Amino acid sequence: MAEEQKKPKKRMTATQAAASIGPMVKEFIAGAVRAKAEGKQKLAYTFIVCHHEEILRALDVLPVWTENFAGVCGAKRDSERFLQRAESLGLSRSLCTYALCGIGFDQWREELGQMPPEAPWGGMPKPDFMISTGQILCDPRAKWYQASQQYMPDVPIYNMDLPYPLFEKDQDHRDVWGYYHKYIVNELRGLIKFLEEQTGKKMDYDRLRELADLSDRTWNLIHETYELRKAVPCPMGTGDAMNTMVPINFMMATQDSYNFFLNLNKELKEKIAKGEGEVENEKYRLLWGGGLPAWFALNDFNYFNSKGASFPAETTYRMIAPLYEMDIPETKDPVEHLAWRWLGYWTFWYDKARKRPGSEPDVERLINFIEEYKIDGVVMHEAFSCRTWHVGLIWQLHQLGKIYKPIPVYVVTKGKKEKTYRELPSLILESDIIDITSYSEVDTRNKIDVFIETLESIRKNRAD
Amino acid sequence: MTEYFAGIDIGSTMTKAVILENGVIASVIGPTGPEQRRLANKVMEEALRKAGLAFDAMTYIVSTGYGRINVPFADKQVTEISCHAKGVSSLFPDARTIVDIGGQDSKAITIDAHGRVTNFIMNDKCAAGSGRFVEVIADTVGLKLEQMGEVSLQSNHPAQISNICTIWAQQEVASRLAEGVPIPDLIAGVHRSLADRVARMVKRLKLQKEVILTGGGGKNKGLVKALSEQLDCEILVPPEPLITGALGAALLGKELYEKALRKNQPQEKKPRVLETVQIL
């Protein structure tokens, strides 16, 4: 009985492509364990969204995505023992639970000299080195590996700094981004030097250029594919996108990732042609406006679906933008290109945000999704342990409500009926990325029920 | 033929039922036990007895609250947020913000002139933001829950309760009691602490007047005073703040039924049978 309760109810996917992801992740985790045993490839602990996959793959380094492994532990509802172990090492539960899970796992594996018992999907092998980067936004990504290194003192760390110009309302970011570019190129060249030393191989810059080109083509294909979700009914929702984020974030610079999105593109076009939606009778179109998901509760997306709500778009893990719309300088040097692409991605919404009074890039991105995907409401997830997003999300929602009121409604003021405009309804779910003790299914679903009733009520009261 | 509508609200602590004709003809409040279905039957039977009606006479029944799915005889289930909105709006047509402080949670709802929900927020994570906080402290100071409001009004210097967790606050109150801090000051401090937590939640919505307090919290005059101070506005309380959810449920049932009749699409009714249901 206890085992049954521990296992989450399997989430139903709308697309075959999303359904194929589970075995794919299982295989690349198992693949890392095999590679470690064979000793033919160097293994690097590292983080997503660093625009360094091309460099790793060009030097035949196998990335071990530590955030991904923590997410797998969460999705399997098997993170608690690693979190508790991290706590017993003196780390607070209020720190990033991805980091706690990883540190707890590493300490346990190193203490045993082998994988912890029944390690999820075979476990995470000890890396040959670790590549960290906090970027601007996430300090655990800089500190995590330093903590893990206490238990693996022989494993070196290369810490990359990947900044980008912050948004200024009255300054064009292009005035300063040349300085940032120079700095990032330096950091990436430092990574290449570090990897060359660790692997004993020399960088093949032609191969690096080919891989960068493959990633660029994949980026554009992903953008084109996700844009298909604008269709009504929406053929694929955020629940599925929490699967299809895998080839975006963990498989970039591989032909497999490109092929995956070719197949998904085809599947979505077929669904659209047949009028097949994620939800049979789509009543509401929602935007997942941010926050990492509660990996142990992904079937909450099915619960939304059961109420006629689909999620055609999400900001989370859609870490690409169409390159052909980016205003970045052309260069034949692949390292310089990776740095420009980084800057182009993070500043993508700056120009638009400057044009709307009170807006900011993240808010502008939400507005863009709301308008292009015909969104009825915004759902966000406040994961308590993700401080990086926690504060910003609430602020974004507040700012969105302040500057963007698209819904015409009648209000009665002093007995007089007047037409006015109101903000989009929103729902903030509260729990964590992998700490299930923060989650209550009953409360979460009660909130979803209320939100659906609110959407219904607002629709009835529309003044158009 | 006279039409009767019933609303039954199974909250985490109390179960409430209302029977409506043109106005409320019967209402019942009882504690929610672990076997919610059996209690739903019991409360419904009691309401029918008070109204002098047979179960068959009920035209439409809506259940609400956390236990709404455990009412086998309900024709429809609606969340407590929508029901509170409807119930409060029927009593206070100018109400725009509802604060509900229940036994295990608290919530804030903004509504429009038609009693429709425009936004909501819930605290279901922490007992320190719910009526449970006052219950625990009542035990600690040896008072009955219903005495807490009146006693706290005797305070001129509310004590500072700094712990934000119910259990730690209980220990803090016990130690302040040992130090000789007067009970009225302690209780007033507890009310201020709870009101502060609830006010922070309410302020995440755009506070609009009139503000109505429902749930068990509405029965506590000291808490009403503390919340009024924290929100810096007058707080209105319904004559019976516990039944607004059940009242709203009955009203929504009436609306649904009448709307369906107008469309010539009669609503499907569940069998009117009060069966004892064993959960365990």
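The paragraphs below go through a predicted model, beginning with chain B and ending with a sheet in chain A.

Chain B contains eight helices and 10 strands. Its C-alpha trace spans about 65 × 40 × 30 Å along the principal axes. A compact globule of 280 residues would have a radius of gyration near 19 Å, and chain B has 20 Å, so the two agree. Of the 280 residues in chain B, 51% are buried. Contacts can also be sorted by how far apart the partners lie in sequence. Among the contacts in chain B with a separation of 6 or more, 71% are between residues 24 or more positions apart.

Next comes the interior. In soluble globular proteins, nonpolar side chains tend to be buried together. Here the largest nonpolar core has 167 residues, and its members come from both chains: those that touch the most other members include Ala44(A), Cys101(A) and Leu287(A) as well as Ile98(B), Val99(B), Val190(B) and Leu227(B). Helix α6 of chain B, residues 183–203, gives the largest share of this core, eight residues. Val190(B) shows what such packing looks like from one position. Apart from its neighbours within four places in sequence, Val190(B) is in contact with Phe133(B), Val134(B), Ile137(B), Ile161(B) and Val173(B). There is also a second, separate core of 37 residues, with Ala6(B), Met14(B), Val62(B) and Ala246(B) among them.

Where the chains meet, 14 residues of chain B are in contact with 15 residues of chain A. On the chain B side, α2 (80–91) and β8 (117–123) each supply at least two residues. The largest share of that side, four residues, belongs to β8(B). Sorted by class, the side of chain B that touches chain A has seven nonpolar, three polar and four charged residues.

The last stop is a sheet in chain A. Strands of a sheet pair through backbone hydrogen bonds, either parallel or antiparallel. In this open sheet, four strands of chain A are arranged in the order β6-β5-β7-β10, and the pairing is parallel. The edges are β6 (309–314) and β10 (426–431) of chain A, each of which pairs on one side only. From one strand to the next, the twist averages 30°. Strand β5 of chain A, residues 284–288, runs parallel to β6(A) and is joined to it by four bridges. Arg285(A) stands opposite Ser310(A) in β6(A). Helix α17 of chain A, residues 387–403, lies across β7 (377–383) and β10 of chain A, at about 160° to β7(A).

Key: Residues are numbered from 1 along each chain as its sequence is written. Chains are lettered from A and ligands numbered from 1 in the order in which they are written. This is a predicted model: local features need pLDDT of at least 70, side-chain atom pairs count only at pLDDT 80 or more; totals for chains, interfaces and linings use all residues. The radius of gyration is taken over C-alpha atoms; the globule rule is 2.2 Å times the number of residues to the power 0.38. A residue is buried if 20 or more other C-beta atoms lie within 10 Å of its own, exposed if 12 or fewer, and partly exposed in between; C-beta atoms are placed from the backbone. Two residues are in contact if their C-beta atoms, placed from the backbone, lie within 7 Å. A nonpolar core is a set of buried Ala, Val, Leu, Ile, Met, Phe, Trp, Tyr and Cys residues joined through C-beta atoms within 7 Å. Ala, Val, Leu, Ile, Met, Phe, Trp, Tyr, Cys and Pro count as nonpolar, Asp, Glu, Lys and Arg as charged, and the others, Gly among them, as polar. Two strands pair if DSSP finds at least two bridges between them. Axes are lines fitted to C-alpha atoms, for helices over the stretch in contact, and angles run from 0 to 180 degrees between N-to-C directions.
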